[in-house]
Amino acid sequence: MKNTGDIKGLLGQRVRTLRMEAGLSQESFAEKCGLDRTYISGIERGTRNPTLEVLYTLATALHIELTSLFIFNEPG
């Protein structure tokens, strides 16, 4: 099983990639989600452990299915 830090890091990278592909700054994305920018930053850095409700909010703000947040491009 993956270390929880690894999973949070992978999720954070995925959120950052999707946010940037959507052309959103952390600030505008946070506003769209109704969250604080520092919280978004923490998710993207892999230091936060967002709840399922927050993950759903992120996916909705990105106009993607919740499951799409978990498509990780893991090395090797």
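A residue counts as partly exposed when its relative accessible area falls between the buried limit, under 20%, and the exposed limit, over 50%. By that scale Phe70, at 41% relative accessibility, is partly exposed. The model is predicted.

**Aromatic pair**
- The count of aromatic pairs comes to one.
- Phe70 and Phe72 form this pair, with ring centres 6.3 Å apart.
- Their planes stand at 80 degrees, and the pair is edge-to-face.
- Phe72 is also partly exposed, because its relative accessible area is 22% and the buried class ends under 20%.

**Helix α2 against helix α3**
- Helix α2 spans residues 26-33, and helix α3 spans residues 37-45.
- Their axes come within 8 Å and cross at roughly 110 degrees.
- On the α2 side, the contact uses Gln26, Glu27, Phe29 and Ala30.
- On the α3 side, Arg37, Ile40, Ser41 and Glu44 meet them.
- By class, the contact holds three nonpolar, two polar and three charged residues.

- Gln26, Phe29, Ala30 and Cys33 are the buried residues of α2.
- They sit on the same side of α2, because they cover an arc of only 100 degrees around the axis.
- In an α-helix there are 3.6 residues a turn, so residues three or four places apart point the same way.
- Glu27 and Glu31 are exposed, on the face of α2 turned away from its buried side.

**After α2**
- Gly34 follows α2 and has a positive phi, near 75 degrees.

Terms used: Residues numbered from 1 in each chain as written. Predicted model: local features only at pLDDT ≥ 70, side-chain atom pairs only at ≥ 80, totals over all residues. Heavy atoms only, no water. Phe/Tyr/Trp six-rings, centres within 6.5 Å; stacked < 30°, edge-to-face > 60°. Buried < 20%, exposed > 50% of the residue type's maximum accessible area, 1.4 Å probe, protein only. Axes fitted to C-alpha atoms, helices over the stretch in contact; angles between N-to-C directions. Helix = DSSP H or I, 4+ residues; strand = E, 2+ residues; numbered from the N terminus. Contact = heavy atoms within 4.5 Å. Nonpolar A, V, L, I, M, F, W, Y, C, P; charged D, E, K, R; others polar. Arc of directions from axis to C-beta.
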